[in-house]
Amino acid sequence: MLPSNLLVARAKGYFIRPKYSVFSDLELYVARKLVRAFSRSVGSKRKHLEDSVKKIEDESFKLGLDYRFARGLAHLLYRRVEFIKPKTKIDPLKARLEIFAETSQLYSFALSEDERRDVLERVSERLNVSTEELLEAFKAAYEEEQIVGSFKEISAEDLLREYNLSLTQTLLFKALSINIDVEVSGTEAKIILFNVKRLSLMYVAEKRENGIRLTIDGPASVLKQTERYGTRIAKLIPYIVALQRWKIFAKVRKQNKIYSFYITDKYSKLFPKIQLRLVEYDSDVEETFYKRFQTLGSGWKIFREPEPLVVGKHIFIPDFAFVKNGVKVYLEIVGFWTKEYLDRKIKKLRSLRDVKIILAVNEELSCSKVFKKEFEDVILYKKKLPAPEVYLVLKKYDPSPATRIKKKTKEKPIRLPEEAETYISGLKAAKLSTVLEKLSKYGLTYKDVVRVLEEKGFEILWTSVDPNRVIVRKRSVSLNSE
């Protein structure tokens with residue numbers, strides 16, 4: 001993806017399209033010169049590379065190409081460079097701090113040449129280095145003094161394909177909605193669907209005769225975290241254009257106007273070919289939860305990326321599945337959202353009849369109340385999804401008679417003895433095991449105690465299913481008060 005100011009796109013009527021490279025002799029000439037400049041720069045200073053790139057950009061513009069073309073190619077090539085700090089006798093930061101400290105003690109910061117020499121000699125003597133070595137260390141903190149350590153080679157043709165892909169990604173960063181049709185095998189369909197899921201995109205997936213249709217909410221439709229969401233869509237696009245049969249149609253907002261963007265596999269030769277594979281998870285919420293749940297010893301087997309559920313023409317992929325003695329329960333984590341997406345999501349979840357599902361919703365999202373109102377098994381979380389809370393909900397579905405929790409009807413209020421009321425009113429923070437031991441004397445069960453505490457405004461920090469490690473506290477009380 002390129003910075004938005006390097007996007008070269010042409011709007012005509014209601015349609016917009018990036019100005020793709022068509023591998024003309026002139027474009028290939030500029031691309032080869034840039035690749036050669038980067039390749040030859042290894043071992044030299046960054047400033048020398050930047051000067052070479054600037055000359056090629058100027059030449060490209062004089063030859064009639066858009067100034068953003070060469071600059072966009074250079075932007076992609078800089079990503080293939082590893083810059084390293086120059087070796088100096090002393091630490092660059094230490095050199096700068098010492099020189100500034102010495103200057104502030106002796107002079108104003110507008111130094112004459114003699115004053116500057118005096119400062120350098122004093123500091124170099126104190127640090128036991130020459131003034132030349134001190135100056136080298138001082139300058140090493142500047143970016144332009146960095147050394148080109150290595151460059152990952154690429155051909156001019158492949159660079160132009162990367163450029164075309166980046167133009168597409170950058171344009172779609174301004175998309176309100178994206179429709180993708182792909183004709184794929186069953187295995188390819190699963191990989192594409194799982195990639196959409198792993199990237200936490202807001203989507204609707206439909207079965208088609210020879211593949212699937214994806215309708216994805218675009219970055220321009222997201223109220224918050226637009227850049228983060230747009231980056232995730234950019235990660236999906238290479239896997240779409242690498243397929244044999246595909247179409248992309250999008251509604252794009254540019255300068256307060258809405259345009260249509262349409263492209264098909266007829267243009268596949270413009271883009272790089274990559275191997276279709278699963279992308280890495282873009283969020284550590286799922287990864288952290290998966291590892292923590294496995295350590296609980298709950299008896300439930302947890303599976304990531306369970307088989308997709310088909311509801312009519314729609315395809316739904318939960319984040320996790322839990323299995324125990326033939327009982328399967330799904331878990332869906334709600335991330336990015338818009339009002340329209342929530343409406344679709346709720347409608348889809350309602351249609352999942354005879355499917356046991358738990359919803360985990362980020363408490364910081366204002367949509368959390370909507371899910372609490374619509375569905376029974378909803379867990380609110382902040383930064384990390386607590387595995388013990390999911391386990392407590394799973395107990396309701398546990399096929400083992402000893403652990404199964406009956407579905408709630410209307411619960412009668414619990415009446416507490418005066419001594420128990422006094423104890424709870426004076427409670428600020430304690431271990432759950434301590435509270436259980438105290439209140440069990442009054443005939444209260446584990447379930448009763450948890451319910452009473454929640455009704456009385458206590459927060460239960462489920463860091464474990466072990467009551468000795470679970471903390472109970474009044475919501476306005478910090479942990480330090482225990």
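Guide: Start with Ser 298, in the loop between α10 and β10 (301-304). Helices (H or I, at least four residues) and strands (E, at least two) are DSSP runs, numbered from the N terminus. The model is predicted: local features need pLDDT of at least 70, side-chain atom pairs count only at pLDDT 80 or more, and totals for chains, interfaces and linings use all residues. Residues are numbered from 1 along each chain as its sequence is written, and side-chain values use heavy atoms, with hydrogens and water left out.

Ser 298 has a relative accessible area of 10%, so it counts as buried (under 20% relative accessible area; exposed is over 50%, partly exposed in between; 1.4 Å probe, protein chains only). A polar atom of the Ser 298 side chain lies 3.2 Å from the backbone nitrogen of Trp 300. Leaving aside neighbours within four places in sequence, Ser 298 is in contact (heavy atoms within 4.5 Å) with Phe 293, Lys 324 and Tyr 391.

Phe 293 belongs to α10 and Tyr 391 to α13, where the two helices meet. Two packed helices are described by the angle between their axes and the distance between the axes. Here α10 (residues 284-294) and α13 (residues 387-394) pack at about 65°, with axes 9 Å apart. The axes are lines fitted to C-alpha atoms, for helices over the stretch in contact, and angles run from 0 to 180 degrees between N-to-C directions. The crossing of α10 past α13 is right-handed, meaning that the near helix is turned clockwise from the far one by less than a right angle.

From α10 come Phe 289, Arg 292 and Phe 293; from α13 come Ala 387, Val 390, Tyr 391 and Leu 394. By class, this contact has six nonpolar, no polar and one charged residues. Ala, Val, Leu, Ile, Met, Phe, Trp, Tyr, Cys and Pro count as nonpolar, Asp, Glu, Lys and Arg as charged, and the others, Gly among them, as polar.

Now the cores. The largest nonpolar core has 75 residues. Such a core is a set of buried Ala, Val, Leu, Ile, Met, Phe, Trp, Tyr and Cys residues joined through side-chain atoms within 4.5 Å. A second, separate core of 22 residues includes Ala 360, Leu 385, Val 390 and Tyr 391.

Note on methods
Polar contact = N/O pair within 3.5 Å; in protein donor to acceptor, adjacent residues only side chain to side chain.
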